[in-house]
Amino acid sequence: MSKTNYSEVWDLESIFPGGSQSPEFHHHLEQLRTMIDDFSKGLQTFETPSKSDEVDTVADFIDQAKDILMNLEQAGAFVSCLEAQDIHDKKASVLRSGMTDLSAKFSTSFNILQQKLALTEDAVWDDLLQHPKLSELTFVLNEWRKNAKDKLSETEESLIESLSVDGYHGWGQMYDTIVGSMTIPVTLDGKKQEVSIGQADNLSAHSDPKVRKEVFDRLEEAWSEKEELFAKTLNHLAGFRLNVYEKRGWDDVLKEPLEYNRMKKSTLDAMWNAITKHKKPFADYLNRKAKLLGKDKLDWHDLNAPLSNADQTLSFQEGGQFIIKHFHTFGPNMAQFAEKALDNSWVEAEDRPGKRPGGFCTSFPLSNQSRIFMTYNGSMSNVATLAHELGHAFHTYTLQNTHPLNRDYAMNVAETASTFAESIVSDAAFQEAETDEQKKSLLEAKLQRSVAMFMNIHARFLFETRFYEERKQGIVPAQRLNELMEEAQREAYADTLEETHPHFWASKLHFYITDVPFYNFPYTFGYLFSLSIYAKAREEGASYEEKYMALLRDTAIMPVEDLVMKHLGEDITNEAFWEKGIQLCMEDVEAFLKLTH
């Protein structure tokens with residue numbers, strides 16, 4: 001039986017007791033440092049395999065790499081949790097710097113292993129992969145080999161990795177530090193108060209238009225005051241990336257993100273083309289929303305405005321039980337997993353100052369556990385966010401019995417599992433709505449998500465691709481970044497906006513993340529892919545859960561084109577596949593327009 005009350009504060013003590021001063025965690029880091037040093041020393045005498053009977057040596061190095069990766073992920077997840085739960089935890093920031101250093105040291109050695117394996121003759125390589133010790137890793141080892149052949153020499157890649165710690169990653173960390181320390185003044189309930197950027201973002205859905213407008217203006221002022229600093233940061237991040245690409249002989253800035261997401265350019269083009277051709281219904285929804293708010297056109301600060309006060313609120317306990325109940329309609333595994341996560345305090349949900357904005361799910365591979373971070377205030381949107389993050393955690397759970405090196409799924413398929421879980425809950429809430437006002441509110445929440453995926457993410461993608469092309473010619477000043485962002489927003493939102501958000505490029509953390517380039521289009525991919533899976537699940541009922549889990553287990557061992565063909569029998573380089581998902585969202589628009597005629 002589930003607990004009577006779920007804790008709104010997560011349990012990190014069972015992972016490493018003592019927070020950022022945990023002796024166990026510091027011991028873990030020391031052990032990790034020793035493992036990386038031993039791995040590095042061993043590679044100095046390791047030669048490229050010349051015959052297949054060297055399989056034991058190759059397997060031993062791969063096994064060492066696997067152990068280090070798991071330990072790094074365990075440590076990195078812990079530090080992420082510490083940083084998110086308390087932005088004032090200075091020791092956590094120091095630990096983050098140490099983690100970046102350790103990761104870079106391992107990456108240097110890991111690149112050497114990949115480079116040496118890449119030089120193996122094809123016939124020898126094929127024989128090695130036939131061996132039982134390596135055969136289950138065929139896809140990922142071939143991927144390592146291909147990636148290594150695309151890069152520079154061992155020495156050059158090691159130098160890039162070393163310089164990236166204080167250069168490239170340092171700029172990204174500086175952005176986090178500055179934003180974490182920023183506050184803005186707002187008037188709430190007649191009182192002036194200072195709020196963090198995360199708290200200000202939460203006010204974008206406030207029912208009072210004066211509050212939304214004031215928050216938007218204060219945020220624009222805050223980003224504007226620091227625009228030179230953020231412009232310099234963004235330019236240096238892009239400059240570092242472009243210099244590395246140029247040295248490797250890579251012309252296309254999308255080469256790295258596409259390969260990271262294991263997808264073809266033709267797939268990405270088909271997705272955006274299908275979306276661009278079907279923007280009108282979503283523009284109709286935004287224009288109807290403007291009228292309902294008494295405006296000719298929406299301003300940016302109106303995009304998340306609630307249209308009614310009918311949005312029910314659920315306590316954290318009620319929200320969790322709502323999710324478990326409706327996961328059960330899909331299948332027992334997902335529901336039992338969600339229950340376990342909530343019962344065991346895997347979720348940090350408390351609404352308190354000093355937390356980072358946003359939400360995430362992170363995994364602790366050595367503990368076979370996940371942790372979810374969010375700020376819960378009781379809205380159905382928050383319930384959907386909790387379901388979204390539980391979807392990520394369930395994805396990790398389905399891979400627990402696979403080889404650790406076969407669990408490294410990319411962001412586009414990661415967003416598929418999370419959005420699928422969110423869809424179950426959003427639909428359930430709509431089905432249970434008792435009044436037209438409630439239905440309108442819930443439909444609007446779904447449509448806001450579609451607009452985010454088809455318009456907001458599209459604007460980010462347009463901005464980033466154009467910015468990178470201009471950055472090849474030199475520094476792009478803040479004023480030009482504002483122009484590029486406004487142009488991208490007007491185009492992506494099909495000219496439905498009066499006032500845009502010119503400093504969005506400064507406010508969005510995703511542009512400053514150094515681990516994953518182009519942190520935008522995978523969201524839209526995951527959204528539309530999940531809708532196709534969801535349509536299949538509704539068709540087949542509870543019996544589909546096993547097939548769904550089989551699909552998730554394949555997400556890290558094949559390109560997405562093969563994954564979708566194997567499990568859905570569809571060609572995703574064809575616009576028709578993407579149009580099916582868009583069509584489901586267009587049905588939501590039709591229902592909304594009928595309810596609000």
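This report looks at one helix packing and at aromatic pairs in a predicted model.

## About the model

Residue numbers start from 1 along each chain as its sequence is written. Local features need pLDDT of at least 70, side-chain atom pairs count only at pLDDT 80 or more, totals for chains, interfaces and linings use all residues, and side-chain values use heavy atoms, leaving out hydrogens and water.

## Helix 14 against helix 16

Let's begin with two helices (DSSP runs of H or I, at least four residues, numbered from the N terminus). Helix 14 (residues 316-330) packs on helix 16 (residues 380-398) at about 55 degrees, with the axes 10 Å apart. Axes here are lines fitted to C-alpha atoms over the stretch in contact, and angles run from 0 to 180 degrees between N-to-C directions.

The contact (heavy atoms within 4.5 Å) involves Phe316, Gly319, Gly320, Phe322, Ile323 and Phe327 of helix 14, together with Met380, Val383, Leu386, Ala387 and Leu390 of helix 16.

## Aromatic pairs

Across the whole structure, a search finds 42 aromatic pairs. Rings of Phe, Tyr and Trp (its six-membered ring) pair if their centres lie within 6.5 Å; planes under 30 degrees apart count as stacked, over 60 as edge-to-face and the rest as tilted. Phe46 and Phe61 have ring centres 4.8 Å apart and planes at 45 degrees, so this pair is tilted. Phe46 sits in the loop between helix 1 (23-43) and helix 2 (55-85), while Phe61 lies in helix 2, 15 residues apart. Both Phe46 and Phe61 are buried (under 20% relative accessible area, with exposed over 50% and partly exposed in between, using a 1.4 Å probe and protein chains only).

Phe106 and Phe110 make a stacked pair, 5.2 Å centre to centre with 20 degrees between the planes.
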